[in-house]
Amino acid sequence: MVLVVFIGHHLTIYRIMLVSIRDRGLCPCPRCRIPMERVPDMGMVRDMRQRMTLARIDDNATRHKVETARNLIYNKFYAVDNDGVEAMLKDESLVPSSVSACRLA
Ligand SMILES: [Zn+2]
């Protein structure tokens, strides 16, 4: 993985996007939830439309999945690769990480 560091406001945004995507998940794109089987359609009209309709949004449903997974891992001592945890996170390539942003400069 290549980490590109930007100076200023963009540093936090890009770092969050890179660490919030799961390696070998079912959705490889950090910006949308396009499934792996549709990656060969990249650049086609349908793909361009799905970039909008499947855009990653930090909504309540996503936060709930991550918080529930974190609760299972940190409070109930489930393994990170437990089937229940995987069922919540793998479909959208989510990771059980809580990110807080802070200004570095
Ligand atoms: Zn995408």
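Modeller: What follows is a conversation about the labels used for this model and the values behind them.

Modeller: This is a predicted model, in which local features need pLDDT of at least 70 and side-chain atom pairs count only at pLDDT 80 or more, while totals for chains, interfaces and linings use all residues. Residues are numbered from 1 along each chain as its sequence is written.

Biologist: What makes the pattern of the protein α-α-α-α?

Modeller: Helices are DSSP runs of H or I with at least four residues, strands are runs of E with at least two, and both are numbered from the N terminus. The protein has 4 helices and 0 strands, and reading along the sequence gives α-α-α-α.

Biologist: In which helix is confidence lowest, and in which is it highest?

Modeller: The pLDDT is the predictor's confidence in each residue, on a scale from 0 to 100. Confidence is lowest in helix α1 (residues 10-19), with a mean of 54, and highest in α3, with a mean of 93. The protein averages a pLDDT of 81, and 74% of the residues score at least 70. Where pLDDT is low, the predicted coordinates should not be read in detail.

Biologist: Why is Ser 93 called buried?

Modeller: A residue is buried if 20 or more other C-beta atoms, placed from the backbone, lie within 10 Å of its own, exposed if 12 or fewer do, and partly exposed in between. Ser 93 has 21 such neighbours inside 10 Å, and therefore counts as buried. Ser 93 lies in the segment after α4, and buried residues make up 8% of the 105 residues in the protein.

Biologist: Why is Phe 77 called exposed?

Modeller: Phe 77, found in the loop between α3 (60-74) and α4 (83-89), has 8 other C-beta atoms within 10 Å, so the residue is exposed.

Biologist: What is noted about phi in Phe 77 and in Ser 93?

Modeller: Most residues other than glycine have a negative phi. Phi of Phe 77 is near 60°, a positive value in a residue other than glycine, and phi of Ser 93, also positive, is near 55°.

Biologist: Why is Met 88 called partly exposed, and which residues does Met 88 touch?

Modeller: Met 88, in helix α4, has 18 other C-beta atoms within 10 Å and is therefore partly exposed. Two residues are in contact if their C-beta atoms, placed from the backbone, lie within 7 Å. Leaving out residues up to four places away in sequence, Met 88 touches Lys 65, Thr 68 and Ala 69.
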